[in-house]
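I opened a new notebook page for this chain.

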Amino acid sequence: MRRVRYESAGGPLFLEDVPVPEPGPGELLLRCEAVGVTLPVVRKVAEAAQPIPLGGEVAGPVEAVGSGVDGFRVGERVTGLCFGHGYADFALVHRTMASPVPDDASAVDAVALVRSGLVALGALTAARPEPGERALVTAAASGVGHLAVQLAAARGAARVVGAVSDPAKAAFVRGLGADEVVAYDTDDWGAPADYVLDAVGGDLLTPAVAALAPGGRLVAYSSGGGTVRAYDLLVGAKSVIGFQMAHVARGKPQLYEQWRRELWRLFAQGTLKPSVHGEFALEDAVEAHAAITSRRNLGKVVLVP
């Protein structure tokens, strides 16, 4: 089978031919019809001291099952999170990270919706939203952010503001249901928000905290890091909450599954519509990564082996 790999920090990415892996205990072997590209993986390729397996969301039919697996069968369409090599024709997924794909959804729909949607829904839940509150979503055109905009509206936000790196993304974000779109480099981010869902971090944390109303909550789920001054929180009785999907996936499997069902329910209703920026072949993984690093993507970036 074909697999994308690299040998040193920063790449380059290249294709290699390797044997198809065999599923171990508790694992499923999927034939990949779609593979999600994520910012954390893109960053690790550029920054990690040692090469890492290019993992992420994958979707496709089950080709084989390992020992101890129940609830899945060969031929069933499944999506899940691959912690090993996911940029490939075939990938291994642990059964606890896998879920069926409904008949009315494609593999591309699945990788655009489930993992990114879980992060968006988890971050929104961590913000403890109340109906009628004002929401602000940074990276609003990203794979996670474009779903967070829709979910905030579905949870009853009276006003949803999307913050973006480029004003050219405004029409796309408004099409998701945002009431207003602001660029990061503008001085005015609109009326203060009751909660902010921040996927950017870094230098953007300061203006994001400043955009909060008194008593507001910022949920940081970015891999970009950053620092918040305690004084900036004290003067407005504001709070910052960290959210990482891995803690839920590993420690609260029932909640993880509940959120997955909720995402598919909203998808079936037409309330949640994942958008795909582009579908790239495995041999074009470099271009797929560039779509994210250049910040030009509108929605999810997907590989289609």
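**Entry 1: the chain as a whole.** I began with contacts in the protein chain, counting those with a separation of 6 or more; residues 24 or more positions apart account for 64% of them. I noted that this is a predicted model. I then listed the secondary structure and found nine helices and 16 strands.

Next I looked up the overall dimensions. The C-alpha atoms fill a box of roughly 60 × 40 × 35 Å along the principal axes. A compact globule of 305 residues would have a radius of gyration near 19 Å, and the chain has 19 Å, so the two agree. I also looked up burial: 54% of the 305 residues count as buried, where buried means under 20% relative accessible area.

**Entry 2: the largest pocket.** I looked up the volume of the largest pocket, which is about 1400 Å³. Its lining is made of 49 residues, and those nearest the centre are Thr 38, Leu 39, Pro 40, Val 41 and Ser 223. Several elements give two or more residues to this lining, including α1 (39-47), α2 (107-126) and α9 (285-293). Which element gives the largest share of the lining? I found that α1 does, with seven residues. By class, I recorded 27 nonpolar, 13 polar and nine charged residues in the lining.

**Entry 3: the second largest pocket.** This pocket holds about 160 Å³ of space. I wrote down its lining residues, among them Gly 10, Pro 12, Val 42, Ala 46, His 289 and Thr 293. The elements that give two or more residues to this lining are α1 and α9. I sorted the lining by class and got six nonpolar, four polar and no charged residues.

**Entry 4: helix α9.** As α9 had come up for both pockets, I looked at it separately. Which residues of α9 are buried? They are Ala 285, Ala 288, His 289, Ala 291 and Ile 292. Seen down the helix axis, these buried residues fall within an arc of 150°, so they line one face of α9.

The buried residues of α9 pack against β1 (2-5), β4 (34-37), α1, β15 (276-280) and β16. Last, I looked just past the end of α9, where Arg 295 takes a positive phi of about 60°.

How values were computed: Residues are numbered from 1 along each chain as its sequence is written. This is a predicted model: local features need pLDDT of at least 70, side-chain atom pairs count only at pLDDT 80 or more; totals for chains, interfaces and linings use all residues. Side-chain values use heavy atoms; hydrogens and water are left out. On a 1 Å grid over the protein atoms alone, a cavity is a set of points where a 1.4 Å probe fits but cannot get out, and a pocket is an open set with protein on both sides within 12 Å along at least five of seven lines; lining residues have an atom within 4 Å of a point. Grid points are joined across faces, edges and corners, and a volume is the space filled by probe spheres set on the points. Helices (H or I, at least four residues) and strands (E, at least two) are DSSP runs, numbered from the N terminus. Ala, Val, Leu, Ile, Met, Phe, Trp, Tyr, Cys and Pro count as nonpolar, Asp, Glu, Lys and Arg as charged, and the others, Gly among them, as polar. Buried means under 20% relative accessible area, exposed over 50%, partly exposed in between (1.4 Å probe, protein chains only). The arc is that of the directions from the helix axis to the C-beta atoms. Contact means heavy atoms within 4.5 Å. The radius of gyration is taken over C-alpha atoms; the globule rule is 2.2 Å times the number of residues to the power 0.38.
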